Amino acid sequence: MSNNKKHSNKIDTIVIVGGGTAGWMAAASLSQFLANTNTTIKLIESADIGTVGVGEATLPTIREFNLALGIDEIDFIRKTKATYKLGIEFCDWYKKGSSFFHPFAKYGAQLNAAQFHHCWRKSLDLGEPKDIGHYSLPTVLARMGKFAQPLARPQTPLADYGYAFHFDAILYAHYLRDYAIQRQVIRYEEKVVDVALDGRGFIHSLKLANDEHITGDLFIDCSGFRGLLIEDALETGYEEWAHWLPCDRAVAVPCQRTGELTPYSRATALEAGWQWRIPLQHRIGNGYVYCSQYISDDAATERLLGNIEGTVLAEPRLLKFTTGMRKKFWNKNCVALGLAGGFMEPLESTSIGLIQSGISKLQTFFPDKNFNPDDIREANRLTKNEFERIRDFLILHYKANQRGDTELWNNCQAMSIPDTLNHKIKLFKNRGHLVNYDEESFENNSWISLYNGFDILPQKYDPRVDQINNKELAHDLANMRKAIHTAAKHAPQHKDFIAQHCAIE
Ligand SMILES: Cc1cc2nc3c(=O)[nH]c(=O)nc-3n(C[C@H](O)[C@H](O)[C@H](O)COP(=O)(O)OP(=O)(O)OC[C@H]3O[C@@H](n4cnc5c(N)ncnc54)[C@H](O)[C@@H]3O)c2cc1C
């Protein structure tokens, strides 16, 4: 093929619809990915429509995203009024009064080549502490309200953990907008009122409210729940998971920050769903995610307002959604990112991470104007798997409850679950085996946190643990607990760490 022919197939113009977290993450990342290629990137957003404005808790992968863009972490924390997140505290999920912590970290260290959780399982028979959190430095730090950089001290595998952030979603979008505009992304502040398709059914152009027409080769739908391009124009279809993930509404309200600056988010199960608490430097984000079948919007709002620590800073905001995913995240010349691609509820803060991996898949399979169908099929297969793995992880939170107090929780306990999840639980219960399918977002340690939090224990363990004598096992585990508690004792309080390194000016 001649160079000219190759050149003519190149994507010349990318049009992104939407200026929420998804739109600006895509614009920032693509402006860097396609730097010096003469590709024009346009982003259209509408102040009349606005953004969803929530989405403040993240996963550790956000650090990789920022790092790849060359963003300075301290500058980012200051400008987005962020705090550190070591994990999530789950209250009242298993039973009322119970709690557990899901850290971004492995537990303990393996002994005699046996994975730690097998050693821990045997230790329970010897009367050792049941709470696996004692073997996780970030869990102990979080319980003490402290924060330290991983591997700061001590220099042991026990101090190798991840962390994420809580940030102001609107400020993060602004931060990335500045980044993208500096790299020649062209911003339109207009409403898209019509979408024109070509003879193949591909998107040809968008009509704006001011009658301007925007043409492009590749379109990225970041228009939020509605899916203006992927659904309204291309009718891609949506796979609903409400029978497994029943919450379909949320009411959100910020309040003044009071008390300790916790280095973690909290998710507390309530009668018809659960409540989030996300601490930022300047305020606390709160919300009640609920199932409208079991509670009215007014009652949910009242329940949330009754549970809030500080003075309320804004009117409560109601959001409606259907859990599930778009049947194809990439259809023809349109890729859907963010809420336009699907939403599985915010319980484990996975949405921003999914935007990030969607961008990364687009880059891995970056098309030319031929839009190779095999590449698109593979990108869709990977995305579907990724969504389904997260879906299963989320379902476990509902299925394993033993609250027994309301219809929602009783129905969740009784519901049938996907075979993929059933298989995982069965193998873990039997001999502590952790099944890994492809495209897992949550690694073994996360599943162990959940199993432990819901008191799902393996009956048997790796026989190699029996080669360690009981006294030695108890001694090694006690040493791990001691090393972790000593390290945590010496770490600064989260609020002091922020004040010293990255407080807002
Ligand atoms: C209750 C709730 C809690 C959440 N919590 C978390 C969390 O803790 N962590 C996490 O990772 N995620 C969370 N999420 C998800 C997260 O909010 C989203 O993934 C993220 O904000 C991205 O949203 P978005 O950019 O896809 O959509 P939006 O923020 O809705 O942005 C849509 C954009 O499209 C534009 N637009 C729409 N139609 C048009 C049009 N016709 N013309 C021009 N522009 C248009 C809008 O102006 C806007 O700029 C939560 C979501 C909900 C609902």
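**Exercise 1. Locate asparagine 112 and state whether this residue is buried, partly exposed or exposed.**

Solution. Asparagine 112 is found in the loop between strand 5 and helix 5 (116–125), where helices (H or I, at least four residues) and strands (E, at least two) are DSSP runs numbered from the N terminus. The model is a predicted one, in which local features need pLDDT of at least 70 and side-chain atom pairs count only at pLDDT 80 or more, while totals for chains, interfaces and linings use all residues. Residues are numbered from 1 along each chain as its sequence is written, and side-chain values use heavy atoms, with hydrogens and water left out. The next step is accessibility: asparagine 112 counts as partly exposed because its relative accessibility is 38%, given that buried means under 20% relative accessible area, exposed over 50%, and partly exposed in between (1.4 Å probe, protein chains only). Finally, the backbone of asparagine 112 has a phi near 50°, a positive value in a residue other than glycine.

**Exercise 2. Describe the place, the phi value and the burial of glutamate 345.**

Solution. Glutamate 345 sits in the loop between strand 21 (342–343) and helix 10. Although glutamate 345 is not a glycine, its phi is positive, at about 70°. With a relative accessible area of 0%, glutamate 345 is buried.

**Exercise 3. Work out which side chains form polar contacts with histidine 102.**

Solution. Begin with the position: histidine 102 lies in strand 5 (residues 99–103), and it is buried, its relative accessible area being 1%. Leaving aside residues up to four places away in sequence, histidine 102 touches several residues, among them Phe90, Glu348, Phe393 and Ser446, where contact means heavy atoms within 4.5 Å. Two of these partners can then be examined by their side chains: glutamate 348 is joined to histidine 102 by a polar contact of 3.0 Å, and serine 446 by one of 2.8 Å. A polar contact is a pair of N or O atoms within 3.5 Å; within protein, one must be able to donate a hydrogen and the other to accept it, and residues adjacent in sequence count only if both atoms are side-chain atoms.

**Exercise 4. Classify the aromatic pair of tryptophan 93 and tryptophan 274, and then the pair of phenylalanine 101 and tyrosine 264.**

Solution. A pair of aromatic rings is described by the distance of the centres and the angle of the planes. Rings of Phe, Tyr and Trp (its six-membered ring) pair if their centres lie within 6.5 Å, and planes under 30 degrees apart count as stacked, over 60 as edge-to-face and the rest as tilted. The structure holds 32 aromatic pairs. In one of them, the ring centres of tryptophan 93 and tryptophan 274 are 6.4 Å apart and the planes stand at 50°, so this pair is tilted. The pair links distant parts of the chain, 181 residues apart, with tryptophan 93 in the loop between strand 4 (87–91) and strand 5, and tryptophan 274 in strand 15 (residues 273–279). Tryptophan 93 is buried at 0% relative accessibility, and tryptophan 274 is buried with a relative accessible area of 2%. Phenylalanine 101 and tyrosine 264, by contrast, form an edge-to-face pair, 5.6 Å centre to centre and with 90° between the planes. Because phenylalanine 101 lies in strand 5 and tyrosine 264 in the loop between strand 13 (249–255) and strand 14 (265–270), this pair ties together parts that are 163 residues apart in sequence.
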